[in-house]
Amino acid sequence: MAYASVNGIKVYYREYGEGLPMVLVHGNGSNHVTWAYQTTFFSRWYRVITPDVRGFGNTVDVPEGPSTGAGIDDLLGGMSRMEFILRFTYSHPDLDTTIVGTINPDHLQDNIKALMQGPLANDVYQEAKRRLA
């Protein structure tokens, strides 16, 4: 069983494949197994990481219980999840292509707005890389 310490929480995760990292974060009421089909597919080209967020699967919750600060929110620094993930991806020095798919026009506008902010600040990007390593 693999665990990483994130903001004092012991977070369980699974890794599949090799290459650039791809992090798949499940929703409430689920766990890392949610991504079984995706990990099988994407692990042919990427290092796929599937954590169990706080209070789900093999990751225990903090004593005060679940909150909006759970899971990936530990890495946000005030950004929305969507903005952080897009800007983290955009910040990668070896990135050649970013594909952002949606059928929701409002979501597409949010994606465009986030990418227009540009890459993450270098210190934020480096800290995210350190935590995801």
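Helix 2 passes helix 3 in a right-handed crossing. Keep in mind that this is a predicted model.

Let's start with the helix pair. Helix 2 covers residues 81-91 and helix 3 covers residues 105-116; they pack at an angle of about 50 degrees, and their axes are 9 Å apart. That angle is why helix 2 counts as oblique to helix 3. Who makes the contact? The table lists the residues helix by helix.

| Helix | Residues in the contact |
|---|---|
| Helix 2 | M82, E83, L86, R87 and Y90 |
| Helix 3 | H107, D110, N111, A114 and L115 |

Sorted by class, the contact of helix 2 with helix 3 comes out as five nonpolar, two polar and three charged residues.

Four strands make up an open sheet with mixed pairing, and their order is 1-2-4-3. Which strands sit at the edges? Those are strand 1 (2-6) and strand 3 (21-23), each of which pairs on one side only. Going from one strand to the next, the twist averages 35 degrees.

As a bit of background, strands of a sheet pair through backbone hydrogen bonds, and the pairing can be parallel or antiparallel. So how do strand 3 and strand 4 run, and how many bridges join them? Strand 4 takes in residues 47-51, and it runs parallel to strand 3, with three bridges joining the two.

Notes: Residues are numbered from 1 along each chain as its sequence is written. This is a predicted model: local features need pLDDT of at least 70, side-chain atom pairs count only at pLDDT 80 or more; totals for chains, interfaces and linings use all residues. Side-chain values use heavy atoms; hydrogens and water are left out. Axes are lines fitted to C-alpha atoms, for helices over the stretch in contact, and angles run from 0 to 180 degrees between N-to-C directions. Angles under 35 degrees count as roughly parallel, over 145 as roughly antiparallel, 65 to 115 as roughly perpendicular and the rest as oblique. A crossing is left-handed if the near helix is turned anticlockwise from the far one by less than a right angle, and right-handed if clockwise. Contact means heavy atoms within 4.5 Å. Ala, Val, Leu, Ile, Met, Phe, Trp, Tyr, Cys and Pro count as nonpolar, Asp, Glu, Lys and Arg as charged, and the others, Gly among them, as polar. Two strands pair if DSSP finds at least two bridges between them.
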